[in-house]
Amino acid sequence: MRYQGEEMAQVEIELRWQFWKRFSVVGFGGVGGVWNDFERFHNERTIPNGGFGFRYELARRYGIHMGLDIAFGPGNTAVYVQVGSAWARP
């Protein structure tokens with residue numbers, strides 16, 4: 001809730017490399033922006049973020065991975081436990 005506005009846009013990317021059997025590493029990053037008036041589009045706040053993580057494939061059949069992420073943003077660092085993925089599997 002630190003960055004608020006009437007309108008919001010964001011772009012994210014995540015890359016995963018399965019380097020050995022069921023083990024993989026991930027890198028991710030993104031940028032987002034908020035503003036209050038779409039007609040004047042005064043994007044006063046653009047916020048970059050990124051991080052990296054480690055994954056272990058729990059279930060090959062279903063492509064379910066579990067791991068630990070470290071994320072960095074303006075003024076904050078966070079650690080996340082990740083199970084599954086929000087991204088579609090190719």
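These are my notebook entries on a predicted model of a protein.

**Ground rules**

I number residues from 1 along each chain as its sequence is written, and my side-chain values use heavy atoms, with hydrogens and water left out. Since I am reading a predicted model, local features need pLDDT of at least 70 and side-chain atom pairs count only at pLDDT 80 or more, while totals for chains, interfaces and linings use all residues.

**Entry: the overall layout**

I looked up the secondary structure and got five strands and zero helices. My helices (H or I, at least four residues) and strands (E, at least two) are DSSP runs, numbered from the N terminus. Written along the sequence, the pattern is β-β-β-β-β.

How do the five strands go together? They form an open sheet in the order β1-β2-β3-β4-β5, with antiparallel pairing. I list β1 and β5 (76–83) as the edge strands, since each pairs on one side only. From one strand to the next, the twist averages 15°. For pairing I went by DSSP, which has to find at least two bridges between two strands.

**Entry: totals**

I checked burial next: 21% of the 90 residues count as buried. Buried means under 20% relative accessible area, exposed over 50%, and partly exposed in between (1.4 Å probe, protein chains only). The accessible surface comes to about 7,100 Å², and carbon and sulfur atoms hold 58% of that. These areas come from the Shrake-Rupley method with a 1.4 Å probe, and for residues only the protein chains shown count as cover.

I also looked at contacts, meaning heavy atoms within 4.5 Å. Among contacts with a separation of 6 or more, 38% are between residues 24 or more positions apart.

I followed strand β1 (residues 7–20) into strand β2 (residues 23–35); they run antiparallel and 13 bridges join them. Ile13 stands opposite Gly29 of β2, and Arg16 has Val26 as its bridge partner in β2. The two strands form a hairpin with two residues between them.

Lys21 sits in the loop between β1 and β2. Its phi is near 45°, a positive value in a residue other than glycine. I made a note of that because most residues other than glycine have a negative phi. Is Lys21 buried or exposed? At 59% relative accessibility, Lys21 counts as exposed.

Further along β2 I stopped at Gly30, which counts as buried at 16% relative accessibility. Leaving aside neighbours within four places in sequence, Gly30 is in contact with Val11, Glu12, Ile47, Pro48 and Asn49. I also checked Gly30 against Gly73, 43 residues apart along the chain: their C-alpha atoms are separated by 9.8 Å.

I went to Arg55, in strand β3 (residues 45–59). Arg55 counts as buried because its relative accessibility is 4%. Which side chain makes a polar contact with that of Arg55? I found Asp69, at 2.6 Å. A polar contact is a pair of N or O atoms within 3.5 Å; within protein, one must be able to donate a hydrogen and the other to accept it, and residues adjacent in sequence count only if both atoms are side-chain atoms. Not counting residues up to four places away in sequence, Arg55 touches several residues, including Arg16, Val26, His65 and Gln82.

With residues up to four places away left out, Glu57 touches Gln18, Arg22, Gly63, Ile64 and His65.

**Entry: aromatic rings**

I counted five aromatic pairs. Rings of Phe, Tyr and Trp (its six-membered ring) pair if their centres lie within 6.5 Å; planes under 30 degrees apart count as stacked, over 60 as edge-to-face and the rest as tilted. One of the pairs is Phe52 with Phe72: their ring centres are 6.1 Å apart and their planes at 35°, so I wrote it down as tilted. Phe52 lies in strand β3 and Phe72 in strand β4 (residues 64–73), so the pair ties together parts that are 20 residues apart in sequence. Phe52 is partly exposed at 44%, and Phe72 is partly exposed at 39%.

Last, I looked up the aromatic cluster formed by Trp20, Phe23, Phe54 and Tyr56.

Definitions and conventions:
Axes are lines fitted to C-alpha atoms, for helices over the stretch in contact, and angles run from 0 to 180 degrees between N-to-C directions.
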